[in-house]
Amino acid sequence: SGLSQEAGSVEQLSLHCAEGSLEWLYPTGALRLRLAPHLPAAATKGRSPRHVTACVKPAGTFRGAQLYLEREGVLELLLPEAPRPRVRCFSWLPQEKVALFLQATPHRDISRRIAAFRYELRGDWLARPALPAASLTGEGACRPCNDTEILMAICTSDFVIRGSIRSVSNDAELQESVIGVSAARIHRQKFPLFQAGGRPVGSIRTPLHCGVKPGPGTFLFMGWLHFGEAWLSCAPRYRDFQRIYEGARRTRQNPCEFPMD
């Protein structure tokens, strides 16, 4: 509210929240959004973050503007007008000067044009894997998690679900695979991704190129919330996880306690 509607104007704003959304009605001129998140004090105690990561996701109504990343005075296009609904992520060093530059595109009729997107800002201690690694996916960037990564994932993930795969569907436009999961036990979930009642079911996403295939057995699904959706980080078979955890507990190398049954 209160923005100038002059065609050549540039309004300066700062984004201090770790995540949020912006909606610009009838865009004219430009907005320069300085990225200045209030990073958690507990996370920064005793050290400086190596980098900060941000992600933006356009709304389906993103019209009338283009979004650029401004880094040290150089602009890089992140979201063109009417973009495909994909998430764009980028990182920067704490000493770098970065901002988001939202520039209105010229139209004779600006009615019904809304430039809206959601964003997430994360420090490197909270950085999500750019390409989730899962034990039930393919090779390369989608390699299985090693034992150390699995043990850390049960302590730090947004969700830890023991269950089986009900289905796998692929979305070519979003370049995502959606794994339908039937949960036998919900060990942790920060938000109600899996609804209670009978045998809880829910969906977990992973990049399409990981080539997830449905398979039998019980897995321990772990991962992160990304724009309100569950994204896979690690998914060892539960019997393999039991072996890894029991071995770490015997040598007192488990980073946290986990209920076993």
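Select Thr218 and display its surroundings: apart from residues up to four places away in sequence, Thr218 touches Arg162, Gly163, Arg237 and Tyr238, where contact means heavy atoms within 4.5 Å. Thr218 sits in the loop between strand E12 (201–207) and strand E13 (219–226); helices (H or I, at least four residues) and strands (E, at least two) are DSSP runs, numbered from the N terminus. With a relative accessible area of 38%, Thr218 is partly exposed. On this scale buried means under 20% relative accessible area and exposed over 50%, with partly exposed in between (1.4 Å probe, protein chains only). A C-alpha to C-alpha distance drawn from Thr218 to Ala235 gives 9.7 Å, for a separation of 17 residues in sequence.

The model is predicted, so local features need pLDDT of at least 70 and side-chain atom pairs count only at pLDDT 80 or more, while totals for chains, interfaces and linings use all residues. Residues are numbered from 1 along each chain as its sequence is written, and side-chain values use heavy atoms, with hydrogens and water left out.

Next, select the largest nonpolar core, in which Leu67, Leu100, Leu102 and Phe117 touch the most other members among 25 residues. Such a core is a set of buried Ala, Val, Leu, Ile, Met, Phe, Trp, Tyr and Cys residues joined through side-chain atoms within 4.5 Å. Strands that each supply at least two residues of this core include E2 (19–25), E3 (30–35), E4 (52–58) and E9 (114–123). Centre the view on Leu100: beyond its neighbours within four places in sequence, its contacts include Leu31, Leu33, Val56, Leu67, Phe90 and Phe117. A second, separate core has 15 residues, among them Leu151, Ala153, Tyr245 and Ala248.

Now show the cysteines. How many disulfides are there? The count is three, a disulfide being a pair of cysteine sulfur atoms within 2.5 Å.

- Select Cys55 and Cys89, which form a disulfide with sulfur atoms 2.0 Å apart. The link is right-handed, with 105 degrees about the S-S bond. Cys55 in strand E4 and Cys89 in strand E7 are 34 residues apart, and the pair links distant parts of the chain. Cys55 is buried at 7% relative accessible area, whereas Cys89 is partly exposed at 42%.
- Move to Cys145 and Cys234, whose sulfur atoms are 2.0 Å apart in a disulfide. The torsion about their S-S bond is about -90 degrees, so this disulfide is left-handed. Cys145 lies in the loop between E9 and helix H2 (147–156) and Cys234 in strand E14 (residues 229–234), so the pair ties together parts 89 residues apart in sequence. Both Cys145 and Cys234 are buried.
- Finish with Cys155 and Cys256, joined by a disulfide (S to S 2.0 Å). With -95 degrees about the S-S bond, the link is left-handed. Cys155 belongs to helix H2 and Cys256 to the segment after H3, 101 residues apart. Cys155 is partly exposed at 24% relative accessibility, and Cys256 is partly exposed at 21%.

The last stop concerns backbone torsions. Most residues other than glycine have a negative phi. Select Glu72, where phi is near 55 degrees, a positive value. Glu72 lies in the loop between strand E5 (65–71) and strand E6 (74–79) and is partly exposed at 48% relative accessibility. Then select Arg252, where phi is near 55 degrees, again positive. Arg252 lies in the segment after helix H3 (238–250) and counts as exposed, at 76% relative accessibility.
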